[in-house]
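Hello,

Here is the structure you asked for. Please open it first, then read my notes below.

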Number of protein chains: 2
Amino acid sequence: MEPDKSRPLLSPFSDEILGQRIKEVLLSSHTCPHEMIVHITSRNGKLIRPRLVYLSASFAESDPDRVRDMAVAVELIHMASLVHDDVIDGASTRRGQDSINGLWGNQAAVLLGDYLFAQAFHLINTYTLPAVMEIATETIKTMCMGEISQMNMACQLQIKQEDYLQKIHGKTACLFAAACKIGAITAALSPAQVKMLEKYGLCLGYAYQIIDDLLDYLADPLLWNKVVGSDWQEGNVTLPLIALMQDKKYQQWLSDLFSTRQLSPLQWQQLIAALYSTGAVKYCLNTAEEYLQAAIRQLEHLPAVPALQQLQSLADYLLNDYYHKLCKTERQFAKDMVYYADQSSLQA
Amino acid sequence: MEPDKSRPLLSPFSDEILGQRIKEVLLSSHTCPHEMIVHITSRNGKLIRPRLVYLSASFAESDPDRVRDMAVAVELIHMASLVHDDVIDGASTRRGQDSINGLWGNQAAVLLGDYLFAQAFHLINTYTLPAVMEIATETIKTMCMGEISQMNMACQLQIKQEDYLQKIHGKTACLFAAACKIGAITAALSPAQVKMLEKYGLCLGYAYQIIDDLLDYLADPLLWNKVVGSDWQEGNVTLPLIALMQDKKYQQWLSDLFSTRQLSPLQWQQLIAALYSTGAVKYCLNTAEEYLQAAIRQLEHLPAVPALQQLQSLADYLLNDYYHKLCKTERQFAKDMVYYADQSSLQA
């Protein structure tokens, strides 16, 4: 994930404080792999997960160091899973720069991921919070199992929406939910409040991943370092394709196209045009919005502290800033398509 | 590591009970990757690490379930590191059967390793033992960092014995030490006793790895499922080669030979003969024996419970059963060499 310019100021802890603390924690041991840690901490992501921790903790008074460190632990778990994902995917870049495996090889990346997990547990253990430890271990197990059980879904165009939702639960939603739950438990909120915040995180996570998957088709490469089309290239079937497959007119066409991992620019533009014209894009956006609304509904019975407003605006941010500012407009795509069609006919 | 027929009966918990509990813990979640877990638990290793946990705990009364589960947690950490090591090494077999990555690919293996780590932490957390958690996280960090910092030593014939010892500290000795320390702490032994047992485990771990590295050259493939020569093939320089390099007459010869990863049978036999004739084998055995003696010395001031005798015999077992019963005798090698030399001259 890329840092973006439109990031809202949500934080009682600034990104700088969090980023600094992540470095401090990781570099605290004199035997740590200094160079690799400097590399992975040189560009923070959006830090959404640690924000969820401290915003959820903000509904009661609690030790700020403890909250900060639980936020850092959650980000470390996220970082570990990204480092391992890059090994799995053979990805040579991450957050717009070389990945750990790209620079130091798979061996280093597997070990660094393990180190990051261990460091996260170490940090949680410092505060003797068994309930937080329980959430963290269960979440990692869910993340791993989600990925393993979905492995046989790769390159299957016929997967159902519920399979997709199960997949993104393990990939994203469960850690978003855990972040909120960890924050809420760290601040000793009531069980009912813990539950509301956990569900808020869960729904936000689903929405986030749906939007992210849509951006993998629609993001404007000029605004966004993310490589567009990576899901297609990996045969990772996400909601846009599942929605497109609902249109009988496109089923055969998409099935045929799907056997090609590297599309020509024209084929890619035709695919995007189909996502727009069939309403697949709209369907994905509506689904994401429903999750966001469900997330916001969870906040209704929470006390009106400043964090409440910030959790609400985080939901708005995902759709308005993260999505709308970063994707090409339909009109832009239409213009591109005419251009590519022209190019293509010139070549023909 | 292979199960072997000469395993001594050390356990208040039988291997069957431990094996059963490992399966139970791993299969407890309904979302677990059932098939993979059945596969990795179908053949136990030597279970030395969990034995170290419960033998160390046996110096005082303590909750047997808690001790058993800490023993299981340590074995899970070991299993996780093996699964990840196989990804790193691209090993297609483990304990004489297909490795996880060999059967299900790297993706599954990385995720399964993460799952095993998480399950180990989960189990430790069940008993709210922050001191044990601290040891476990620190040990995993040491294991990872040891491997990372030694990565640049691969294929370097000139490494010093102290670098090798540092390498096997991270690879083996630190987890042996941790197993003893975890057992001792679980049973609330005195700080002095904890320290003695930790040092016992550390020394035993060094000895174990030195013997294991020697067996990588000397083991009889007929008695031993382990593939002989894997360290050579991977360019992993261990004590036998370091010792051989001390002999000036062999330095140039070994340097030349070392550029070949796949030796002919004759070259291999010549290498083994050189290890014997230069005293490199003897040097390794002496070094291992010194560590074993240092381990046994740590036991002198511990109370004479039955576990004490078992810890002593574990040290004997490593040298007498694990090593002597499994390696070819020098005479056997000499015979083989004549055979290979004949074969070679027949082909010439």
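Predicted model: local features only at pLDDT ≥ 70, side-chain atom pairs only at ≥ 80, totals over all residues.

B:Leu47 counts as buried, because it has 23 C-beta neighbours inside 10 Å and the cut-off for buried is 20 or more. B:Leu47 sits in the loop between helix H2 (34-40) and helix H3 (48-57) of chain B. Its backbone stands out too: B:Leu47 is not a glycine, yet its phi is positive, about 55 degrees.

B:Thr128 also has a positive phi without being a glycine, here about 45 degrees. Its place is the loop between H5 and H6 of chain B. Is B:Thr128 buried or exposed? B:Thr128 counts as exposed, because it has 11 C-beta neighbours inside 10 Å and the limit for exposed is 12 or fewer.

Now the two chains. On chain B, 34 residues are in contact with 34 residues of chain A. Three elements of chain B each give two or more residues to this side: helix H4 (64-89), helix H5 (100-126) and helix H6 (130-150). H5(B) gives the largest share, 13 residues. By class, the side of chain B that touches chain A has 18 nonpolar, 11 polar and 5 charged residues.

How are the copies related?

Helix H5 (residues 100-126) of chain A packs with H6(B) at an angle of about 160 degrees, and their axes are 9 Å apart. H5(A) and H6(B) are therefore roughly antiparallel to each other. Their crossing is left-handed. Among the residues making the contact are A:Leu111, A:Tyr115, A:Phe121 and A:His122 of H5(A), and B:Met133, B:Ile140, B:Cys144 and B:Ile148 of H6(B). Charged residues take part as well, including A:Asp114 and B:Lys141. In total, the contact of H5(A) with H6(B) has 11 nonpolar, 4 polar and 5 charged residues.

Last, chain A as a whole. Chain A has 15 helices and 2 strands. Of its 348 residues, 46% count as buried. Take the contacts in chain A with a separation of 6 or more: residues 24 or more positions apart account for 75% of them.

Best wishes

How values were computed. Residues numbered from 1 in each chain as written. Chains lettered and ligands numbered in written order. Contact = placed C-beta atoms within 7 Å. Helix = DSSP H or I, 4+ residues; strand = E, 2+ residues; numbered from the N terminus. Axes fitted to C-alpha atoms, helices over the stretch in contact; angles between N-to-C directions. Parallel < 35°, antiparallel > 145°, perpendicular 65-115°, else oblique. Left-handed = near helix turned anticlockwise from the far one by under 90°.
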